[in-house]
Amino acid sequence: MTDLERSASAGDGHTDLDVAHPESQYPVADPGHPEHLPRLTDVDEKAADRATRQVATMFGIVPVLAIGFAVAYFALPRTMYIDFGFLHVNLQHVLLGTTAGLALLLIGIGAVQWARQLMDDHEMVDYRHSATSDAADREYVVRELQKGTEESKITRRKVLGRSLIGALAAMGIPLIVSFADLGPWPTKKRRAATIETTIWHEGVRLVNDITYVPIKASDLEIGQLVNGQPENLKELEGTEFQQARAKSSIIVVRMDPRTIRVPASRQDWQVGGILCYSKICTHVGCPISLWEQQTHHLLCPCHQSTFDLGNSGLVIFGPAARSLPQLPITTDAEGYLVARSGFTVPVGPSYFERDSRHDFKEGDN
Amino acid sequence: MARPAATVSDAPAVQAATPKQELGPVFKLAAGPSEYLDQRLGIAKLSRPFIRKVFPDHWSFLLGEVALYSFVVLLLTGVFLTIWYTPSMAEVQYDGSYQLLRGLTMSQSYESALNLSFDIRGGLLVRQIHHWAAMLFLAAMLAHSLRVFFTGAFRKPRELNWLLGVALVLTGLIEGFAGYSLPDDLLSGTGLRFVDGLVRSIPLIGTWAEFFVFGGEFPGDLIVARLYMVHILLLPAIILGLIAAHLALVVYLKHTQFPGPGRNETNVVGYPIFPVYMAKAGGFFFIVFGVLVLMGGLMQINPVWTYGPYNPAEVSAGSQPDWYMGFVEGAIRIMPNWESHLGGTTWSWNVAIPGLGTIALFFGLMAIYPFVEAWVTKDKAEHHILERPRNNPTRTGFGVAAMAAYGMLWIGGGNDIVATQFHISLNSVTYFLRVAVFVVPVLAFMATKRICIGLQRSDEERLLHGAETGIIERDPSGAYSERHTPISQGEAWTLTQHRQYAALMPAESDPDLSDGQLQRENLRRRASRFYFIDTLRKPTRAELEAAQHHGDGHGEIESGNGHDGNGNGHHSIEAGATTSGAIPSQ
Amino acid sequence: MGALSTLLAPQQQSSADTGTSQQVTQGKGLFAVQCASCHGLNGEGQVTSTIQGPPLAGVGAASVEFQVGTGRMPLSKSEVQAPVHAVRFSESEIAALAAYVATLGPGPAIPNPSQYDTAGVSQEDVARGGELFRTNCSACHNYEGGGGALPGGKYAPSLKGTSNVHIYEAMVTGPQQMPVFNDDVLRPEDKKAIIAYLNDLHSRPNQGGLDLGGLGPVSEGLWAWIVGIGGLVIFAVWIASKGVKAK
């Protein structure tokens, strides 16, 4: 038979769960708890001593590691590195991590080993109670709620309750309204001044990003890619600078005019095969400069939208839905590339109010 | 006149009613303080139900603990990080010890992250522990919810706890995203740009939502500070509340347990909290913490200094969010480029559907599943014994199908890494996944269901014929057979105690039900057939006894040939009740 | 390429006669044996036959030094992108081939060491090189030059272990799908800064432990599951297991 246990504390020793047990549900009877088998450490004093020593040793190593942590923290130079096989790492960092980590691990392993080997492992039984409250509680609560409701007079004078609810609901208005200044309101005017415009305009020179070196048309070879910005970007700083850069970034590519298709409407947007496109993907706005020199395809690394720069930036693969906006360019008197105008459509990701009828589509000319 | 107050005795307070036994030195020391507290807080009364509370033992019950302890580690390491981190997008010029960024302009938040990584001793360790703990928090929550799902622990009375869990996973996801966006590095900034495009694309309200979240145009100068507030105040408070409720329910309802001898729906068998579980669970906390610290020390994660400060004109190949956002990333990558231009408006299905739809679908399905299953089975009983996954093949199949769909989206999220590491065309991966995300889950469902039924058959073999011993015997006529030994009664009990649900035939017309109600009832019955028609029926007591008596010289009791030779198990088809509500038992 | 490109191409590189005539002769001989079967006996290219190779007029000595010096050429079989193989030629042979191909048309010359030798680059310039790298290069090659995916099975290769001169030459010549970053636009001092940044980055020890591949969150997530969840599950199984039983 089994050696079932001491009863549990919550132990009234019985259950109030109502489980129907039709005979047929249990073709095999529950044999009850299996006999408790003693562990080696229960019968063999030497084994128990060994286990005790194991646990105590594990706990005993922890202070050593803790001190090791302090030594690594104070005594090691911050820039010392280990160069050992494939290990090419900062020594102090690794030592701090391993000493503290092993220390914690040993406390845990010691505690668990103590529980597994030495603590009494007789299984105990506790009895469940139905999650449902008992009938007496439910009746009491219902009764007292009814009494209380009558005492509150709310049933007789209904207007009290209704007006209260109305009043509380109305407080939602100040609550919601208080958040109306979370950001500027994107009215049509504001949109036109922010997300629908960039700092590009007629006459702005195209320059290299980072170095601001202007770009001469004759400097570009076929197959060349330049990551560019408008020259007037360097007049901005801080938040304005970042916001401008998030829209004004461009790429300039030079392709063999015999291998590309320039529509009639865009003949004067390019200079002998040098074309300028927005660098901001029309999908969700990552900057794109992954250009394949021979196929003329531009791949966005974020979600793999691919645009054909030899065909007005039309989408040829991936989740972007609109072609990449092209910036009309020409050369100035000294041969440097300048913009003819700003972008003719809003750059960047789509938004609900965007009028997308003017983006270049398949079949446009 | 007021009645006199009851007199208060000056006699010393009544001692706690401890049994008369020799107490050890620790108890003697604690006696005074305990007495003090008990007179003010009633700690004996409070702790009585819990001191020897019983918890069942199984390794899979520790997955939830991994999540809990990871969260504790997150709180501890997070407080450390807040001491040095600056949530500001104001521009500064870098002058710290990481030479490769010397002199560059960057935000203060990025600079403080560099400061923590290079100039505060142990700073990088704590940063990395924090990040690994976040990864593990979400991974453990998912692993734990898979365990709960496959064992049916979400059934009554634990449906609400399941919902709390779903809320925890969702909140954890957002919390993690907010957290890794705080250093304002190139990788997480690219992620914020994605969120900007995603928010903007929401039909009707997109630009409003975008301007309200970012305080204007992207990137603005507010988003990092706002995410900081969300990350250290709002969401941790919500998570703590959800965890408290989640654990309170586990304590109140008591933990479920796996079937076994001596275990039934009315009891819980295991070890007491004090001392065994305190040691095991407390020890496990230290183990989880220790593993996390070791990972933080030995495995580099999120090296923000190599990514560089966020610049909206820069990006890295192979940009991905942290793994738990991978399924959304995958959906966004494989989605076809559908967008509608109606008049002057743009409806970006290509962004809004995968961006918001995957989250809504995933968490929505997760949340409603217990209620769907309860509707199908019409099971109103409480369940405290776990189901073995094989005994509910359809549910298990659904779970594996969901994992397969999730996995396909995961792969999609890393499709460029897959392309470079396995030398496959990037475009092919995307095209394949567009189909696979629908097809593979269906195949996974079918395969899983069959595997479960196969496992049920092998259970039935053991019950009727006993366990295979591997001992081959030859009888005088030359025929070979394998000897079987009968399984123990404990195992037989474990294999037959599970509850069976009926696959119901359609109901005929019923005067008590309206047409609409009858239609719904028949729909439910159809669903129950889909769920249970293939499941094997348990052998009845008569069949077991018959199998026992079929000696046939094949060895011991309970061996023998109870089958018709086709190897078909006993399947479940019950004639449906025609009156509403009456479900045949079994 | 051809006449039109030579008209439009900038006259930035020195003329064809960079090599000695002895080198050119040796190179021509090597070319005939090793390269002509794809590129034609005079480097005119073969674009219609089954064995294809682009024309080499105007690619310059730098292209040859890059392609042959990194082991990409000669290509052993036709594939979507030339992978790096073992280098087949000695340095002098490569110089000879380069000298010969340079005579086929004006193109980028092999950079001289002062252009790619990064000794003496200031720390500020190295940092600037990092910004240039992240603006121009990381979109294909990833934030630490670990490589990245291109459409159709092509890839931007890892830059780890690539020599300074080859990085310079790749920028100047734009091999295969890589665009051209010539010296007029991305000036030599900018290129030097980029190379200095890469060298410094790659020689640095990892501040935070094992690199896990340098592929970012994908590998981090993988290891979180394998080491984190996997390791803790092993511990969990141990914790819940019963100890050794006495007989």
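Student: What sits over the ring of Tyr36(B), and at what distance from its centre?

Tutor: The charged end of Arg40(B) does, 3.6 Å from the centre of the Tyr36(B) ring. (The rule wants CZ of Arg or NZ of Lys within 6 Å of the ring centre and within 35 degrees of the ring normal.) This is a predicted model, so local features need pLDDT of at least 70 and side-chain atom pairs 80 or more, while totals for chains, interfaces and linings use all residues. Residues count from 1 along each chain as written, chains are lettered from A and ligands numbered from 1 in written order, and side-chain values use heavy atoms, without hydrogens or water.

Lys191(C) lies over the face of Tyr168(C), 5.6 Å from the ring centre.

Now rings against rings. Over all chains, the search of the whole structure gives 47 aromatic pairs. Tyr85(B) belongs to the loop between helix H3 (63-82) and strand S2 (91-93) of chain B, and Tyr228(B) to helix H9 (residues 223-253) of that chain, so the pair ties together parts 143 residues apart in sequence. (Helices, H or I, of at least four residues and strands, E, of at least two are DSSP runs.) Tyr85(B) and Tyr228(B) are both buried (under 20% relative accessible area; exposed is over 50%, partly exposed in between; 1.4 Å probe, protein chains only).

Next, Trp208(B) and Phe212(B). Here the centres are 6.4 Å apart and the planes at 65°, so the pair is edge-to-face. Both residues lie in helix H8 (residues 206-214) of chain B. They are four residues apart, about one turn of the helix. Trp208(B) has 30% relative accessibility, so Trp208(B) counts as partly exposed.

Ring pairs also build a cluster. From chain B, Trp323(B), Tyr324(B), Phe327(B), Phe362(B), Phe363(B), Tyr406(B) and Trp410(B) take part. Trp225(C) is in the cluster as well, so ring pairs link residues of chain B and chain C.

Notes
Phe/Tyr/Trp six-rings, centres within 6.5 Å; stacked < 30°, edge-to-face > 60°.
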